[in-house]
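Please keep the sequence and the 3D view at hand while reading.

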Amino acid sequence: MSAPSVWCRLASTTQKALNLQLTRSVWTRKIKVNIYPSLEERLEELDHTREDPEVYAPVDIGLPERKPSRKAQLGQRLEHVKALRRNAELESQARKAELTLDLDTVNNAWEKASAPHHISALAHHYGIFGDLFGKYAYFRPRVPLSVSYDYDEQTVSPVYRGNVLKPKETAAEPKVQFESSPDDLWTLILTNPDGNLYENDKECLHWFVGNIQGGKLETGEVICNYLQPFPPRGTGYHRYVFVLYKQEKRIDFSEFKKEQPCLLLKERSFSTLDFYRQMQDEVTPAGLAWFQADWDSSLTDFFHNILQMREPLYEYDFPDMYMAPQKHFPLRRQFDRYLDMHRDPKQINKEILLKRLNGINPLEREPPVHPFPAALPIDTELTSWEKKEIKRERIGAGKYYDLYRGSNRPKA
């Protein structure tokens with residue numbers, strides 16, 4: 001191999017190594033200093049989307065925005081301002097701080113003006129578009145979607161954008177309302193991107209109603225019956241997303257139809273992305289609402305009696321804390337606490353429990369502790385580590401935390 005080719009390879013290798021940790025030189029008080037790039041600059045270099053922004057640009061897959069003409073908007077605003085100025089009673093109430101606003105009117109104005117943009121931003125924040133439609137697709141919900149659950153005769157649990165509902169509140173089929181022309185067709189899907197127990201890359205389908213005519217849910221074809229949310233214990237909050245699609249025509253959903261009632265969770269595996277890819281010429285996302293739910297005690301009976309399965313229980317396995325090898329003569333360490341670090345925690349808990357049981361009588365009330373145990377005197381002839389240990393035991397610190405229970409805990 002010739003010398004020039006070797007030099008070229010060394011130069012390219014050096015350039016690749018330098019690209020991983022570039023520096024720039026600046027002069028500070030006549031001293032040349034090398035400054036490493038910030039985290040933002042490093043992330044910008046690793047961003048592959050900047051090579052061709054048009055390819056990776058987000059795509060709006062929703063309904064187009066119908067804007068009235070600028071002339072009509074200005075005319076409506078002028079008429080509104082003139083009407084306010086002519087209303088002397090309104091001005092009087094405003095000056096006396098007695099003016100009240102109708103929240104329904106405010107909400108209707110918000111839904112027509114800013115709601116699609118605000119809801120879309122919230123959906124981005126919750127990661128809904130990325131988990132349902134892929135990394136570069138989104139939509140602005142142009143059709144306001146009203147969803148509510150009747151918990152009992154007096155209580156209604158509405159669904160907004162990310163509010164928390166308990167599974168017992170969502171046991172029954174919800175009421176769904178939205179504005180529609182009499183001849184328009186719609187599809188409503190309720191899916192959980194966090195709750196598939198069998199396939200991690202799929203969702204759990206909770207409800208699927210197609211060919212809804214005129215916004216009346218009872219006219220639709222039930223493709224998959226409603227199944228209440230069932231976030232397993234230990235998995236935290238799950239997102240339950242209602243997506244409303246506008247259909248171009250009546251669709252044959254026999255490919256997606258499930259046996260009624262569908263209680264096999266494997267049959268409810270669903271992918272919104274695959275569904276939309278297949279039906280994108282016939283449906284368009286138009287409405288969006290979602291809520292969160294976590295486990296409650298009502299799900300135990302649901303798993304046993306409805307799904308006919310054992311209730312799953314998830315626990316997080318925390319990694320063992322790193323422990324340096326034990327030394328014979330640790331310097332600057334309180335030796336009794338150092339030895340406790342290398343003992344079995346179960347043995348320490350057993351000693352604390354026996355100490356607690358020796359000081360109480362099961363037939364009598366637990367004796368009260370001193371209100372200020374840290375202020376009690378300690379024998380001055382004891383060693384420093386013994387004094388610290390006595391103080392920790394008195395205030396219930398460290399391993400002595402379980403020595404006291406409830407309101408009988410001492411104050412430090």
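## Secondary structure

Helices, of at least four residues, and strands, of at least two, are DSSP runs numbered from the N terminus. The model shown here is predicted. Its chain contains 12 helices and 14 strands.

## Overall dimensions

The chain has a radius of gyration of 33 Å, whereas a compact globule of 412 residues would have one near 22 Å. Along the principal axes, the C-alpha trace spans about 90 × 90 × 65 Å.

Of the contacts in the chain with a separation of 6 or more, 67% are between residues 24 or more positions apart.

## Surface and charge

Of the 412 residues in the chain, 30% are buried. The accessible surface of the chain is about 28,900 Å², and carbon and sulfur atoms account for 53% of that surface.

The chain carries 58 positive and 59 negative side chains. The centres of these two sets are 8 Å apart.

## Aromatic pairs

How many aromatic pairs does the structure hold? The count is 24 aromatic pairs. A pair of aromatic rings is described by two values, the distance of the centres and the angle of the planes.

One of the pairs is formed by Tyr-240 and Phe-291, with 5.3 Å from centre to centre and 15 degrees between the planes. Planes under 30 degrees apart count as stacked, and the pair of Tyr-240 and Phe-291 is therefore a stacked one. Tyr-240 belongs to strand 12 (residues 238–247) and Phe-291 to strand 14 (residues 283–293), so the pair ties together parts that lie 51 residues apart in sequence.

Are these two residues buried or exposed? Tyr-240 has a relative accessible area of 0% and is buried. Phe-291 is buried too, with a relative accessible area of 0%. Tyr-240 and Phe-291 are also members of one aromatic cluster, together with Tyr-149, Trp-207, Tyr-226 and Phe-242.

Ser-120 is located in helix 6, which covers residues 115–126. The relative accessible area of Ser-120 is 5%. Buried means under 20% relative accessible area, so Ser-120 counts as buried.

Which residues does Ser-120 touch, leaving out those up to four places away in sequence? Ser-120 touches Phe-129, Tyr-138, Phe-139, Arg-140 and Pro-141.

Definitions and conventions: Residues are numbered from 1 along each chain as its sequence is written. This is a predicted model: local features need pLDDT of at least 70, side-chain atom pairs count only at pLDDT 80 or more; totals for chains, interfaces and linings use all residues. Side-chain values use heavy atoms; hydrogens and water are left out. The radius of gyration is taken over C-alpha atoms; the globule rule is 2.2 Å times the number of residues to the power 0.38. Buried means under 20% relative accessible area, exposed over 50%, partly exposed in between (1.4 Å probe, protein chains only). Contact means heavy atoms within 4.5 Å. Accessible areas come from the Shrake-Rupley method with a 1.4 Å probe; for residues, only the protein chains shown count as cover. Lys and Arg count as positive and Asp and Glu as negative; His and the chain ends are not counted. The place of a charge is taken as NZ of Lys, CZ of Arg, CG of Asp or CD of Glu. Rings of Phe, Tyr and Trp (its six-membered ring) pair if their centres lie within 6.5 Å; planes under 30 degrees apart count as stacked, over 60 as edge-to-face and the rest as tilted.
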